[in-house]
Amino acid sequence: MAKIELNNIAHSYNPNDPNPIFALKEMSLSWADGGRYALLGPSGCGKTTMLNIMSGLVTPSHGKVMFDQKDVTRTITEERNIAQVFQFPVIYGTMSVYENLAFPLKCRQTPDDQIDKKVKEVAEILNLHDFLNNRAKGLTADQKQLISLGRGLVREDVAAILMDEPLTVIDPDLKFRLRRKLKEINAKYKTTLIYVTHDQNEAMTFADNIIVMDEGEVVQAGSPKDLFEKPQTTFVGYFIGSPAMNLYECKADNSNQVSLGSNNISVQTNLVSTNTSNLKLGIRSEYITVEQSSGPNTIHADIIEVEDFGNYKLITAQQDLIRIKAKVKREQEVPSEKVFLKFPAEHCCIYADNKLI
Amino acid sequence: MPKLYTFLKYFCVILWSCFVIAPFLWAISTSFKDFNSVTGGATYIPWLQFEPTLDGWSVLFKPGSQGGINIIGPYFNSIFVTFTASFISIALGTLAAYALSRYTFKAGFVQNNDITFFFISQRIMPPVVLSIPFFIFLSTIGLLDSLAGLILVYIVLLMPIAVWIMVDFFNRVPKEIDETALIDGCNPFQAFFKVVLPNSIPGMIVAGLFCIIFGWIDFFFAFILTFTNVQLLPVKIVALNSSITPWWSLSAAALVSVAPLIIVAFIVERFLSKGNLTGALK
């Protein structure tokens, strides 16, 4: 196991082009030993490239990859001690489940008795012990994915297990169980787990730390709570949370107030030094409350739709061009035509040029 | 409607089977006839319409001094040349195809696809274009009229087939399999031999089958590059022809010559249905 650092890493797949396109723009990141991370972002944002740089399948155009302060940028994949699980389960179809799990240890010339002990231990953890002598090819997709994962777990010296959307092919119920299993493994073996996904729920429920990426850049890294409550960019606000953060163009009136159409909204952000015209107010639908009467920070809006999701109601309301989505408790009484919606000042985020002030 | 569909399906299968089997039955029947039975109008049923004889077959195994052609030597020559050339072509072609599928080659405007096309272009050219260069080449290195010379030429002819089939096959093998092997601790050679190759056996069998067929049926190069020391089966069979065409011996020779291909097809068919890559990913 190791602390992994990416120092000023950037990568282009056409570096010799006069105008190279960077799949990964220059960034530095550090992954603590034993941590549980999620790399979250839309398809094509550079997540897989970053993973492949760590595993050595891709050599970065710029920067250094360090494992425990040792430069491994040019070290070949087989010498990096990284395990990687791909989106679709990769198994060696001509081998049995036992041989699949033993393969990484055989490649490292581990003695047979140790291989046997470790393979049986990992098979027990992953509930594969009943299939050890079966041909890997005949198993179900999730069992195959467990084999892929198992090949990473049999290696005690593995620096990190990188998972590239590993649960895409798995049923929702099994997804939940596998995620829990991964957490158990992380707790038991203290193995660094890096989990790539474009599904925010997966990221939020799996990781201690989430790194959100967009267009080859890290836009925010932090705990699920940070990402939810204080998105650093409008992209993170929009990408994280369901429904996405409510975002509105606004104007700064004075140091602690913005105007949103004909409404004045007080905020806790100091707007004195703000001199951009591209100002936006963002608020999570979870923090908007339904009020009985008008008051400070309330907007009187027409109700468009009330959707009942079982455990909560989602109100969609509109005032002129301002469309508001508010999540309220199921028991909350909602008027049928017009509603007063309050934007609590402490939960209002102000973005200048799409960045949080 | 389903009944009509089933009827049409079986009708087509039976029609096609007749189309394929009829020439064989015809050849089998002719190989047991004599001159009069062949030239005296169509006859079909042995013992009733014609008296079966082994004359057509015995010619194939009699020495030249007794009026036969003795195909045993050429038969084994053909087997040796075809199988050796096919084996070498598959071995080299698989390595070349793997490299063309997994690594990027670039020399000016020439890229992987152009190199693959260059291989295939060897088969697009009419064989006669290659005959003089091959003749001069073999005579220069002293391999004219030898088994080694023929094997060399057949490798040149068969390897494009192997490369063409295997490039396509490797392109359909997910590269994640190689990458996983590297991550598990293999070097690129081990990844190829331990993981990719065992999964590629179906492709190699298909390529091998094509190589054996094309090698076995070649007459042109066997005819112009050999004289008296070495003879292959197709050349020897043609030697049967004389002023009166011996249809009975030619039929027997045709049946003997297709036998190895039929045996190979039966063996290979099992492997083709048994092994494929579908379970390796997804």
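Analyst: Two residues are in contact if their C-beta atoms, placed from the backbone, lie within 7 Å. Please keep in mind that this is a predicted model.

User: Which residues does Ala162(B) touch, leaving aside those up to four places away in sequence?

Analyst: Its partners are Ser89(B), Ile90(B), Gly93(B), Thr94(B), Ala207(B) and Cys211(B), with residues up to four places away in sequence not counted.

User: Which residues touch the most other members of the largest nonpolar core?

Analyst: A nonpolar core is a set of buried residues joined through C-beta atoms within 7 Å. The largest such core here has 133 residues, and Ile194(A) and Ala162(B) touch the most other members. Helix 7 of chain B, residues 147-172, supplies the largest share of this core, with 17 residues. There is also a second, separate core of 23 residues, and among its members are Leu281(A), Ile299(A), Ala301(A) and Cys349(A).

User: How many residues of each chain are in contact where chain A meets chain B?

Analyst: On chain A 22 residues are in contact with 18 residues of chain B. Strand 6 (82-85) and helix 2 (97-107) are the elements of chain A that give two or more residues to this side. By class, the side of chain A that touches chain B comprises 12 nonpolar, six polar and four charged residues.

User: Into which domains is chain A divided?

Analyst: Domain bounds come from an automatic or database domain assignment. In chain A, domain 1 covers 4-239 and domain 2 covers 246-356. The centres of domain 1 and domain 2 of chain A, taken over C-alpha atoms, are separated by 39 Å. Seven residues of domain 1 of chain A are in contact with eight residues of domain 2 of chain A. The side of domain 1 that touches domain 2 in chain A has two nonpolar, four polar and one charged residues.

User: What is the strand order in the open sheet of five strands of chain A?

Analyst: Strands pair if DSSP finds at least two bridges between them. In chain A, the open sheet of five strands has the order 16-20-17-18-19, and the pairing is antiparallel. Strand 16 (289-291) and strand 19 (322-329) of chain A each have a single partner strand and stand at the edges, so one side of each lacks a neighbour in the sheet. From one strand to the next, the twist averages 50°.

User: How many bridges join strand 16 of chain A to strand 20 of chain A?

Analyst: Three bridges join strand 16 to strand 20 (residues 338-342) of chain A, and the two run antiparallel. Opposite Thr289(A) stands Lys342(A), in strand 20 of chain A.

How values were computed. Residues numbered from 1 in each chain as written. Chains lettered and ligands numbered in written order. Predicted model: local features only at pLDDT ≥ 70, side-chain atom pairs only at ≥ 80, totals over all residues. Helix = DSSP H or I, 4+ residues; strand = E, 2+ residues; numbered from the N terminus. Axes fitted to C-alpha atoms, helices over the stretch in contact; angles between N-to-C directions. Nonpolar A, V, L, I, M, F, W, Y, C, P; charged D, E, K, R; others polar. Buried ≥ 20, exposed ≤ 12 C-beta atoms within 10 Å, placed from the backbone.
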